[in-house]
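I opened the model today and kept short notes on what I looked up. The entries follow in the order in which I made them.

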Amino acid sequence: MCDLRLHRSVFAACFTLLPLLSVPCFSQAAAQPETSLHIAAAADLQPLLPPLLAQFEAQTGIHAEASYQSSATLATQIIQGAPFDLFLAADLSFPQRVIDAGRAEQTSPLPYARGTLVLWTRNDSGVSDLSLDALSTPAIKSVGIANPEHAPYGRAAQAVLQHVNLFSAVQPKLKVAENIAQAAQYAESGNAQVGFISLTSASTPRLKADGHFVRVPAGDYPPILQGAVVIRGSAGAAAAHRFLNFLHTSDVEQKLAAQGLEPIH
Amino acid sequence: MPDISIRHRQGRFTLEAGFSVPNRWTVLFGPSGAGKTTLLRVIAGLTTPDSGRIQLGGKTVLDTDRNLSVPPGRRSIGLVSQQPALFPHLSVRQNVAFGIRHLESNRRSARVLEMLHLFGAESLADQPATQLSGGERKRVALARALAPAPQFLLLDEPLAGLDDASAQDILSRLLGLDIRVLYVSHDLAEIWRMPAEVVFLDAGRVTAIGPPQEVLASHRERLLAQLR
Amino acid sequence: MDLQALWLTLRLAVTTTVILLVLGIPLSYWIASTRAPWRPLVEAVTTLPILLPPTVLGFYLLVLLGPHTGFGRIVTRLLGHPLAFSFSGLVLGSVIYSLPFAVQPLAAGFRSVDTALIEQARLLGAGPLRTLISIFLPLSRHSVVAAAALCFTHTVGEFGVVLMIGGDIPGATRTLSIAIYDQVQDFSYTAANRTSLVLLSVSLIALLLLYARRNRNGAPSA
């Protein structure tokens with residue numbers, strides 16, 4: 001019976017495989033230009049950042065990659081040493097935390113855009129009256145929202161509901177998503193009949209085709225100022241500054257505005 | 001000073017035994033539940049008693065006062081239980097060879113065949129252990145236990161469940177061995193043939209030691225009660 | 001892009017599984033055969049990762065390996081770079097996360113081995129290592145296979161830990177499961193479906209290979 005030999009050969013094979021697997025040669029060999037700029041980007045930027053990154057690379061030759069997560073998670077990771085160069089958050093509080101932890105170059109966040117909150121629903125959702133008041137009616141059974149505890153758009157949405165005195169009426173219907181992109185998903189997939197999402201998400205081709213929205217009056221919620229910081233001592237800090245300048249060129253600002261991120265002046 | 005002197009509590013059962021093993025064969029006799037298997041396990045080193053002292057062949061293998069306990073593998077003991085416990089993933093040959101790996105390959109093979117021959121099981125050498133009958137398993141288990149040439153052979157009712165012919169055959173072969181045997185039994189009939197000193201164990205205590213006739217005579221009542 | 005994520009996921013799953021078998025077999029052996037009074041504590045600790053939400057586990061690992069703890073600083077100095085946000089960090093996270101999935105089946109398999117066999121092995125002079133290799137492992141082969149299968153697929157599907165401690169860095173820490181998440185967030189459902197199919201196929205093929213091998217070796221021994 002070859003059991004002993006079988007086990008020995010299995011173990012031997014594994015031990016020789018192991019060092020091979022630790023070598024990331026394969027992935028590096030793929031025709032991937034070296035990334036010079038690592039951006040930690042808030043979830044709401046996911047629809048519009050990729051083409052901008054491509055444009056940035058075409059103009060400057062700097063290859064940038066972005067990781068999209070909630071601003072809260074990104075802030076945590078950056079504070080714990082994540083190798084990002086630039087943090088584009090969905091508000092000012094998270095960049096501030098990074099600053100307070102001593103990980104940022106700036107002493108206060110650099111606002112780079114202003115977000116807009118909208119109320120969105122699928123065209124086939126059967127919701128005829130898409131408005132804030134309608135939220136408390138029985139016709140609307142579920143309302144998607146980003147987590148008000150730590151997502152800037154979620155906080156804004158909660159502020160809106162409180163401002164129009166509908167929070168307690170609507171609260172039982174809230175479907176809380178981890179971040180604003182997920183809130184858009186809840187609405188887009190129909191899991192939430194209507195959703196408080198970002199104008200950025202609502203402006204994507206897919207959501208434009210599948211549904212319609214109304215803007216939430218700006219006066220109903222504190223402005224969603226999205227701020228950025230450059231990570232102190234990071235490898236791509238210089239590239240990060242170039243990207244920030246790039247964001248403020250009028251051409252890019254127009255593009256951002258067209259997709260729901262108003263420039264700040 | 002008796003060779004074996006132990007005291008052990010297991011739940012509500014207390015085993016307290018002391019006796020010597022001067023003869024070639026010692027029979028541990030008694031009704032079921034008397035503690036015979038426990039005693040065997042203690043001698044083999046598989047169970048450590050609460051207190052006691054065991055000397056085998058002049059060597060102290062257990063002394064709880066001195067915190068001394070020689071591991072089972074070094075007590076020069078072979079044990080064959082009622083359930084032979086052959087290694088199911090190995091062949092007969094590999095089973096018998098298990099305890100003599102230190103021998104050089106040729107000597108090892110020779111020894112394996114010698115042991116199998118001793119118990120009439122040479123023909124089984126290359127069979128998987130799982131394909132043997134009850135009697136065949138006992139033979140292989142005995143061959144395996146004896147292969148490392150232990151000084152003592154502990155047998156826990158080895159003939160139980162065998163047909164008469166196999167039982168007689170195996171017993172004859174055992175009797176022909178030149179080795180100290182501690183033989184556990186609760187079967188009256190078989191112990192008459194043995195050149196043994198009988199140690200009568202009852203409810204955890206040694207109540208008699210002596211030649212079969214004496215011991216059995218003094219326990220007539222007890223034995224008759226058993227048979228009823 | 002999928003290929004990078006696929007290769008990364010495979011590397012991570014295989015590395016984690018191998019490490020867990022190498023660590024898990026002796027650990028489970030000890031758990032199954034020891035009579036030390038602190039065995040229940042060890043068992044409980046090795047089961048803990050199941051109870052922690054993966055993102056939370058990832059978070060605590062992140063903190064442990066980060067610049068704010070002595071441990072993290074030492075490791076960073078030794079390696080030259082932070083352990084988190086690298087492949088090695090993912091491996092560490094995966095190993096901890098899937099530890100119970102190795103230890104449970106292995107310990108159960110070892111425990112199911114007939115004590116009488118172990119005792120005979122001891123009587124015949126086998127030490128703990130020989131008993132492990134010659135008796136325990138061959139007789140609990142199916143447990144080793146189960147442990148390998150569980151660890152592999154568990155790691156392939158891992159998300160929360162990888163996201164937290166990896167940072168979703170393309171090529172370095174963006175595994176298949178995270179790639180799917182990104183694609184879904186991006187509403188690229190076609191791409192997400194395709195990547196999901198890849199992920200499922202990988203797991204299925206791995207499982208088939210493992211279980212077919214077990215069949216070929218005959219029914220598990222008694």
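I began with a term: two strands pair if DSSP finds at least two bridges between them. Helices (H or I, at least four residues) and strands (E, at least two) are DSSP runs, numbered from the N terminus.

**Entry 1: ground rules**

I noted that this is a predicted model, in which local features need pLDDT of at least 70, side-chain atom pairs count only at pLDDT 80 or more, and totals for chains, interfaces and linings use all residues. Residues are numbered from 1 along each chain as its sequence is written, while chains are lettered from A and ligands numbered from 1 in the order in which they are written. For the complex, the predictor gives an ipTM of 0.89 and a pTM of 0.78.

**Entry 2: strand S3 of chain B**

I looked up which strands S3(B) pairs with. S3(B), residues 25–29, runs parallel to strand S9 (residues 180–185) of chain B, with 5 bridges. S3(B) is also parallel to S10(B), and 5 bridges join them. B:Val27 takes part in both pairings: its partner in S10(B) is B:Val198, and in S9(B) it stands opposite B:Tyr183.

Then I checked burial. A residue is buried if 20 or more other C-beta atoms lie within 10 Å of its own, exposed if 12 or fewer, and partly exposed in between; C-beta atoms are placed from the backbone. By this count 5 of the 5 residues of S3(B) are buried. B:Trp25, B:Val27 and B:Phe29 point one way, and B:Thr26 and B:Leu28 point the other way.

**Entry 3: helix H1 of chain B**

Helix H1 (residues 36–44) of chain B is mostly covered, with 8 of its 9 residues buried. Among them are B:Lys36 and B:Arg41, as well as B:Leu39 and B:Leu40. After H1(B) comes B:Gly45, with a positive phi near 95 degrees.

Most residues other than glycine have a negative phi.

- B:Glu157 has phi near 45 degrees. It lies in the loop between strand S8 (152–156) and helix H5 (164–175) of chain B. B:Glu157 counts as buried because it has 20 C-beta neighbours inside 10 Å.
- B:Ala203 has phi near 50 degrees. Its loop runs between strand S10 (196–202) and strand S11 (205–210) of chain B. B:Ala203 counts as partly exposed because it has 14 C-beta neighbours inside 10 Å.

**Entry 4: B:His219**

Where is B:His219? I found B:His219 in the loop between helix H7 (212–218) and helix H8 (220–227) of chain B. B:His219 counts as buried because 20 C-beta neighbours lie inside 10 Å. Two residues are in contact if their C-beta atoms, placed from the backbone, lie within 7 Å. Leaving out residues up to four places away in sequence, B:His219 touches B:Phe200 and B:Ala208. Between the C-alpha atoms of B:His219 and B:Phe29 there are 11 Å, and 190 residues along the chain.

**Entry 5: a sheet in chain A**

Chain A has 12 helices and 11 strands. Of its 265 residues, 45% count as buried. I followed an open sheet of 5 strands with mixed pairing, in the order S7-S6-S8-S5-S9 (chain A). Strand S7 (174–177) and strand S9 (211–215) of chain A each have a single partner strand, so one side of each is left without a neighbour in the sheet. Strand S6 (residues 143–146) of chain A and S7(A) run parallel, joined by 4 bridges.

**Entry 6: chain C**

How many helices and strands does chain C have? I found 11 helices and 0 strands. Of the 222 residues of chain C, 50% count as buried. The C-alpha trace of chain C spans about 65 × 45 × 30 Å along its principal axes.

Last, I looked up pLDDT, the predictor's confidence in each residue, from 0 to 100. The mean for chain C is 88, and 95% of its residues reach 70 or more. Within chain C, helix H11 (residues 189–216) is lowest at a mean of 83, and helix H6 (residues 115–123) is highest at 94.
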